[in-house]
Amino acid sequence: MSDISNLYSKKVMDHFQHPQNMGKIKNPSGSGRVGNPVCGDLMELQIKIEKKKGKEVITDAKFQTFGCGAAIATSSIMTELIIGKTLGEAQKITNKAVIEALDGLPPVKRHCSVLAEEALQKAIKSYQENKKM
Amino acid sequence: MRVYLDYAATSPIKPEIRKVIEPYLTADFGNPSSIHSWGRKARAAVDEARNQIAKFLNADANEIIFTSGGTEADNLAIRGVVIAFKGATHKPHLITSQIEHHAVIKTCEHLEKNGLAEVTYLKPNREGIIGISQVKKAIKSNTLLISIMYVNNEIGTVQPIREIGKLIEKENRTRKQRIYFHTDAVQAAEYQNMNVDFLHVDLLTISGHKIGAPKGIGALYIRKNTPMKEIIFGGEQEMNLRAGTENVVGIVALGKAVSLIKINNKTIKLRDYFIEKVLKEIPEVELNGSKENRSPNNANFYFKYIEGESILLNLDLVGIAASSGSACTSQSLQPSHVLMSCFDHPERAHGSIRFTLGEITTKEEIEYVIKNLKVIVNKLREMSPLYKGKK
């Protein structure tokens with residue numbers, strides 16, 4: 001088997017081959033859909049938020065993604081990064097953290113990590129709007 | 001199992017070719033321009049290869065110019081004719097298509113940008129075919145050159161080159177400004193009629209590495225009396241049309257490669273089996289390109305709801321090589337200009353995969369690809385927010 005690591009890191013390929021938390025949450029607290037199939041990437045991230053010791057904690061996260069290897073891997077790792085985090089902690093997660101957690105992304109694929117960050121922000125925002133209602 | 005279905009990208013060097021080039025990599029290393037025996041031996045080899053190619057194209061040996069590949073041959077065909085154009089009082093007009101290889105499109109765009117030519121880019125129909133009437137309508141009094149590819153490298157569509165050639169010939173009978181006709185036949189050599197008189201073409205491009213020769217060699221057929229100027233300057237090689245010491249190894253290989261070509265119908269049968277089975281056994285798949293006017297080695301599918309690069313990566317993980325029209329596999333992040341021109345549908349360009357067979361492809365390999373393709377498409381659709389299929 002040829003070496004695919006000159007394209008993507010081992011971590012990216014791990015998440016691409018075995019995506020974590022793929023699917024949908026039954027009654028999500030918030031969800032964010034970003035990207036556009038016209039551009040070749042569409043990411044949907046759903047989060048479940050529960051109060052624990054007075055804090056809002058992300059207890060579950062799931063994704064569905066249409067896109068390249070990097071888009072799938074960034075979605076997958078994002079769910080891992082946020083599960084168990086408080087809302088405040090999750091809000092601080094940037095695309096750079098996503099890239100680092102994947103041991104890097106090729107420069108042309110960095111926009112996928114931005115997409116993952118945007119999906120998270122949008123999901124949190126939708127949770128906060130749902131709360132107000 | 002490892003299955004290579006990317007022959008339109010490049011092909012392995014054929015054992016027979018490897019054998020004939022071996023001496024030119026070692027003992028017979030001479031420069032064809034040298035007067036001594038080393039040089040004369042190399043010159044004889046170049047001459048023989050030129051004859052082989054001339055015979056293959058039904059041309060004269062002095063109508064064949066060796067180049068560094070298909071791209072350079074396309075550049076020479078177009079730039080060479082435009083630069084040689086003596087009309088001076090007006091800009092020459094070129095006609096080409098939106099689905100040409102970039103070697104043609106970018107050359108035309110460059111001429112346009114520098115004010116050396118005006119260009120009409122014909123839009124194909126959904127099957128990727130350029131109509132004769134479209135060509136006829138686009139012809140103007142200052143039309144100098146028409147360049148339409150023989151077989152499209154992505155969707156495999158075979159253009160009506162002979163019919164276009166005959167149309168141009170007819171037009172030329174009553175025109176002041178003669179129109180020259182070029183075809184990029186890089187993807188056609190192994191499967192189509194390559195007789196330049198049958199095709200009624202003035203210029204024709206071929207490339208070595210698509211037909212079992214090494215990379216870095218191609219040739220341009222230039223019909224006698226076609227105005228032509230060099231685009232690379234230096235020595236007097238190739239009848240003053242292509243400076244630089246001849247790529248003897250490549251030239252010998254290209255000569256052998258065309259002499260080995262035999263039309264077989266094994267590939268087309270296997271291809272038809274592949275297309276039929278994929279369309280039947282995988283839901284929501286469509287064939288890109290024409291069903292009838294199609295290169296015998298090409299199958300190009302649109303898999304709805306999923307993206308090409310992730311399909312290619314999964315195929316690669318099980319040892320299968322193919323290629324995609326998706327933007328995500330290109331550095332420019334632009335989806336295939338060919339699929340975009342045929343369908344105006346970015347999702348289709350992103351979700352399309354090209355498989356190209358070679359003469360050594362087996363039915364067993366095709367079965368292996370179909371089996372894996374089913375699993376991969378299913379897996380990626382489960383992951384896709386666009387897929388609302390059975391859950």
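In the predicted model, strand 1 of chain A is joined to strand 2 (residues 41-52) of chain A by seven bridges, and the two run antiparallel. Within this pairing, A:Ser31 has A:Gln46 of strand 2 as its bridge partner. The hairpin formed by strand 1 and strand 2 of chain A has four residues between the strands, and A:Gly40 in this hairpin adopts a positive phi near 100°.

Strand 2 of chain A is also joined to strand 3 of chain A, in this case by eleven bridges and again in the antiparallel sense. A:Met43 is placed opposite A:Thr65 of strand 3 of chain A. These strands likewise form a hairpin, with two residues between them, and A:Lys53 in the turn has a positive phi of about 50°.

The contact between the chains involves 19 residues of chain A and 21 residues of chain B. On the side of chain A that touches chain B, at least two residues are supplied by each of helix 1 (10-17), strand 2, strand 3 and helix 2 of chain A. Strand 3 of chain A gives the most to this side, with three residues. By class, the residues of chain A that touch chain B comprise twelve nonpolar, six polar and one charged.

Chain B is divided into domain 1 (15-260) and domain 2 (264-383). A distance of 29 Å separates the C-alpha centres of domain 1 and domain 2 of chain B. Contact between the domains is made by 17 residues of domain 1 of chain B and 19 residues of domain 2 of chain B. The side of domain 1 of chain B that touches domain 2 of chain B has seven nonpolar, six polar and four charged residues.

Chain B contains an open sheet of four strands in the order 9-10-13-12, with antiparallel pairing. Strand 9 (285-287) and strand 12 (323-324) of chain B are the edge strands, each pairing on one side only. Strand 12 of chain B pairs with strand 13 (residues 352-356) of chain B over two bridges in the antiparallel sense. B:Ile353 in strand 13 of chain B is the bridge partner of B:Ser324.

Helix packing was also examined in chain B. Helix 10 (residues 308-317) and helix 13 (residues 363-383) of chain B pack at an angle of about 135°, and their axes are 10 Å apart. Helix 10 of chain B is therefore oblique to helix 13 of chain B. The crossing of helix 10 of chain B with helix 13 of chain B is right-handed. Helix 10 of chain B contributes B:Ser310, B:Ile311, B:Asn314 and B:Leu315 to this contact, where these residues meet B:Asn372, B:Ile376 and B:Leu380 of helix 13 of chain B. By class, the contact of helix 10 with helix 13 of chain B has four nonpolar, three polar and no charged residues.

Terms used:
Residues are numbered from 1 along each chain as its sequence is written. Chains are lettered from A and ligands numbered from 1 in the order in which they are written. This is a predicted model: local features need pLDDT of at least 70, side-chain atom pairs count only at pLDDT 80 or more; totals for chains, interfaces and linings use all residues. Two strands pair if DSSP finds at least two bridges between them. Domain bounds come from an automatic or database domain assignment. Two residues are in contact if their C-beta atoms, placed from the backbone, lie within 7 Å. Ala, Val, Leu, Ile, Met, Phe, Trp, Tyr, Cys and Pro count as nonpolar, Asp, Glu, Lys and Arg as charged, and the others, Gly among them, as polar. Axes are lines fitted to C-alpha atoms, for helices over the stretch in contact, and angles run from 0 to 180 degrees between N-to-C directions. Angles under 35 degrees count as roughly parallel, over 145 as roughly antiparallel, 65 to 115 as roughly perpendicular and the rest as oblique. A crossing is left-handed if the near helix is turned anticlockwise from the far one by less than a right angle, and right-handed if clockwise.
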